[in-house]
Amino acid sequence: MRTWRKHVLGMTGLLAAAALALTGCADSQEKRIVRIGHNQSTNHPSHIGLTAFQEFINAELGDKYVVEVYPSELLGSQTDMVQLTQTGAIDFCIASNSILETFSENYGIFNLPYLFSSQEAYHASMDDEALTEMIFGSTKDAGFTTVTWLDAGTRNFYTINKPIHSPSDLKGLKIRVQQSPTNIEMMRLLGGSATPMSFGEVYTSLQSGIIDGAENNELALRDNGHGDICKYYSYDMHQMIPDLLIGNNAFLEDLTEKEREIFEEGFDILNETQREAWVDGVEDSIHNAINNQGVEFIYPDTKPFQDAVLPLHESVLSDLPAIQPVYDMIQEYNAQYAATDAEQGET
Ligand code: GCU
């Protein structure tokens, strides 16, 4: 979608949300409408998880609340939706951790390339509230708080027509990245040309040749049609960046203790349902990419990619010494799961 159209749609989304906020209680006999926005299609695991959350809250608290879910950037890009959540025009949205780095630099830690050395270490770290609380609470002053995390798999490069086997293959290519300083710096270190834009703009930018490729998990091939255009998907596995459900602070604080408990249970249901659907979603997307979209999967040696970007860890930690303890806890999980793998290898 062209940038100007996207802006108009973004504005439409904002206006729609403002109008919705004003008419919130009018036709619902004082029921409070709880609005949640996200940027994925209705096939996506996050939408499936939110539907389970919606059903649970409507069943448990339906006399007072009605949950409404707005998919597919209907309320604007993730950045627009975070702003709507900040002001309370909507109550929740799903945002990539990447986007949140511009609202609190602490979130930058989860954007570091090759931060987690395995999927197990990633999941264990994100499930550990003692580890995440310092990051998730750091946007309190900005008006919102992260209430749960969602799996967004591993990010890998994919291109229209140039297979990526090593960082040198990225040279001269325009690669879309998320709008985050860490991602832009990561691309610089890898030698590609970073082109930041919102997720909804990627398809037409690929189609019109404005960019040569992008980087994302496998679901983008299926749900966003990127596999129709990009024929090489290269498992360099540079990042595991979580998606986060953020909630407006005033809304969360206004809940009674009992309601808050039920919402917390709902967040757990969302998290669990999304993670189960994630496994099937990835499998189906790979199957679809190979059989229907003609995508070739490449498994490069990841070491040269890691060597190129590891200096980012040091520079981010020296700029933000407060997040060092969080980084150290993640390293402990990395070591723990590396040891478990080694033991399993021996038996
Ligand atoms: C993934 C992630 C989204 C994000 C998107 C992107 O799909 O789940 O939250 O917006 O990547 O690259 O922008």
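Between domain 1 and domain 2 there are zero salt bridges, a salt bridge being a side-chain nitrogen of Lys or Arg within 4 Å of a carboxyl oxygen of Asp or Glu. What the two domains do share is 10 residue pairs in polar contact, both residues at pLDDT 80 or more. A polar contact here is a pair of N or O atoms within 3.5 Å; within protein, one must be able to donate a hydrogen and the other to accept it, and residues adjacent in sequence count only if both atoms are side-chain atoms.

A quick word on the model. It's a predicted one, where local features need pLDDT of at least 70, side-chain atom pairs count only at pLDDT 80 or more, and totals for chains, interfaces and linings use all residues. Residues are numbered from 1 along each chain as its sequence is written, and side-chain values use heavy atoms, with hydrogens and water left out.

**The two domains**

Domain 1 covers 2-151 + 241-282 and domain 2 covers 155-240 + 295-319, with bounds from an automatic or database domain assignment. Their contact (heavy atoms within 4.5 Å) takes 32 residues from domain 1 and 31 residues from domain 2. About 2500 Å² is buried between them, with carbon and sulfur atoms giving 60%; buried area is the accessible area (1.4 Å probe) that two parts lose on being put together, summed over both. On the domain 1 side, Leu112, Pro113 and Tyr114 supply 30% of the area buried against domain 2, more than any other three residues.

**The ligand**

Which residues surround the ligand? They are Asn39, Gln40, Gln78, Ser96, Ala152, Arg155, Arg176, Gln178, Phe199, Asn216, Asn217 and Asp243, where near means that a heavy atom of the residue lies within 4 Å.

| Residue | Distance to a ligand oxygen atom |
|---|---|
| Gln40 | 3.1 Å |
| Gln78 | 2.9 Å |
| Arg176 | 2.6 Å |

**Salt bridges overall**

Search the whole structure and you get 10 salt bridges. One pairs Glu259 with Lys64, with the closest N and O atoms 2.7 Å apart. Glu259 sits in helix H12 and Lys64 in the loop between helix H2 (45-61) and strand S2 (65-70), so the pair ties together parts that are 195 residues apart in sequence. Helices (H or I, at least four residues) and strands (E, at least two) are DSSP runs, numbered from the N terminus.
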